[in-house]
Amino acid sequence: MVDGVEYHFNNAGTTLSAALLFELTGLEDKRHNVTIRTNIEGKQVSLDAFDVNEGGHISYAVGYVIPEQEESWRRYDDTHPGFTYQGVWQTDSNAAYYGGARKSQPNSVIGNKIDFSFVGTKLRVITSMYFQYSDKIAITIDGVTEYYSLVGNGTSNGNNQFLAYEKTGLPHGTHTVSVEKINAGAYSVDHVWDAVDIDVNGYLVTPQNKPKTGGKLRTRVQEMEIGDYIRCGYSASSGTAGVFYGLGTDTDDAEISLDGPIAPNGYFYFIKVKEGLLVADRVIQTGISWLTLNMTSYTHGAQLNDSMIPLMVADTIPMLNVAPNGIPSASSVYSTTYSPWKAFDAVDGSYGWIGVNGQKQVWLEYAFQTPTVVKKYYLKAPNTSATMPSKWSFEGWDGNHWVKLDEQGQGGWLALEERSYNLDNIKAHLRYRIVIEQNDGHANYSGIGELRMSSERLVTKVRMLTGAIAYLRFDGHPTTTDEGLGLFPPENEWDTFIKNGQWGLKVWNNIDNSTSAEWTQDTVFSGFTNPPAGFTNNGTGRTVRGRNGSVTEYWSAVANYTGPSKIGFRPALEYVIV
């Protein structure tokens, strides 16, 4: 039965394997419901596989377990900051839940809601089901209310990650959602919330803490005036220096929390404080040593990843908390280990993306969701640099033809070497690709370690602010004793832009947190008096500002120091427009 229409087929008497028993064509390009059953009691039907048209797929139905997101969906856990929980909710931990935990509500409570907004066209609710849970949950999307049930069979912890509700066919855009229990169940907790899936090209909208400078949100650095701000992403594991991405991204996706996480993953804002310098509106990572940051050159200057392409974890899926803006593809792939997205993951490896074995003339493409102007691109070699192009062209698709925007013939790549190329391009193309005509000497195949594309021609340097090296003496010279006159040199950047900045201290967040402190790039003047526990008063230390919420305190910590846990990293971005 297909969409309520009954059809028949018979496999009696066949001795063939993988035989075609039934075919139906000409259906609309939409979701179809299929039921297969035998109509003769005592008889069985054997089925081996199903074929659907290219571009289609077998989809789960409501009431089935979906432990992982399907190809055209993207999953968000119950801990995502885009969810707002009203009233009494508790967190239950169990490995059977998605992400190891879920939210639940006592059966004695009625009326507490879950509110969120998402950008996309479809939505799934993934949660636990049990025969004593609520049989009526209201879900209101853009003012229209529907209902679903959490009633299922089995034990309370044995039926998890079920598809409880699905809505498709919404117009692409921002949708507001509210979820509320209507009927109480018999179990002690009767309304549970584990995750949602939305279409892979959408994202959950999260609260935005835009800087209160009176300036405007910009998507390009060259458009910024003093006080304007621009989004930038940063992702890091605990205790390691992270990766910047998505400068100028236009999204309401997740921000880095203002309390300075040890493993950040999301967006913050760079504020323009003077021509050629932007400063982060918050400490973006804590619990990390100055020495670790210095090994990535984040203390005194490293090139910023200003690519418009998000960091990818699959060919259609960017990393968590990052909105997708396109899809990578290639003329060929050596194997799934070296898929096209490997050239967009910001991971230094042996190869990145590789084309098919035996073919050296290949191409790598990125198709944006909307026409986009690219003015600069970057290539980075993998450890096996001989796969890199030594002769290539960079092209944009005008809707009918590939237009050559740049042509290069430069070999001699070193392992992990990165090069950038400016374009005189003013036209927004939907698709861009690099066509490799000749590699740098590899006998079997060609490839690219990393490919990045930028909408601006910038020379960038991400670094720490300067923060003083000593106390200021009455005659303007440095001293080891606090004479109440401030710090030396008095024009250090932390004092200029954070302490004495024109927008007040609240704009910079975190500095009124009693456990926060910030690394600066400076090495201290030896011998200052009365350092607190864990800090040093000799020349091996690095200047820390904002300790205990003070804008005047100046302390020094050894470069490998990571305590207190809230000592952290506030980046600044130096730039030149070329």
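**Close-ups of a predicted model**

View 1. Put together, domain 2 and domain 3 bury about 640 Å² between them, with 39% of it on carbon and sulfur atoms. (Buried area is the accessible area, found with a 1.4 Å probe, that two parts lose on being put together, summed over both.) Arg220, Gln303 and Arg457 do a lot here: they supply 77% of the area that domain 2 buries against domain 3, more than any other three residues. This is a predicted model, where local features need pLDDT of at least 70 and side-chain atom pairs pLDDT 80 or more, while totals for chains, interfaces and linings use all residues. Residues are numbered from 1 along each chain as its sequence is written, and side-chain values use heavy atoms, leaving out hydrogens and water.

**View 2. The salt bridge between the two domains.** Between domain 2 and domain 3 the count is one salt bridge (a side-chain nitrogen of Lys or Arg within 4 Å of a carboxyl oxygen of Asp or Glu). Look for Arg457 and Asp424, which form a salt bridge with their closest N and O atoms 3.0 Å apart.

**View 3. An aromatic pair.** Phe368 and Tyr432 pair up edge-to-face, 6.2 Å centre to centre and with 85° between the planes. (Rings of Phe, Tyr and Trp, its six-membered ring, pair if their centres lie within 6.5 Å; planes under 30 degrees apart are stacked, over 60 edge-to-face, the rest tilted.) Phe368 sits in strand S22 (residues 362–372) and Tyr432 in strand S27 (residues 429–439), so the pair ties together parts 64 residues apart in sequence. (Strands are DSSP runs of E, at least two residues, numbered from the N terminus.) The structure holds 33 aromatic pairs.

Conventions:
Helices (H or I, at least four residues) and strands (E, at least two) are DSSP runs, numbered from the N terminus.
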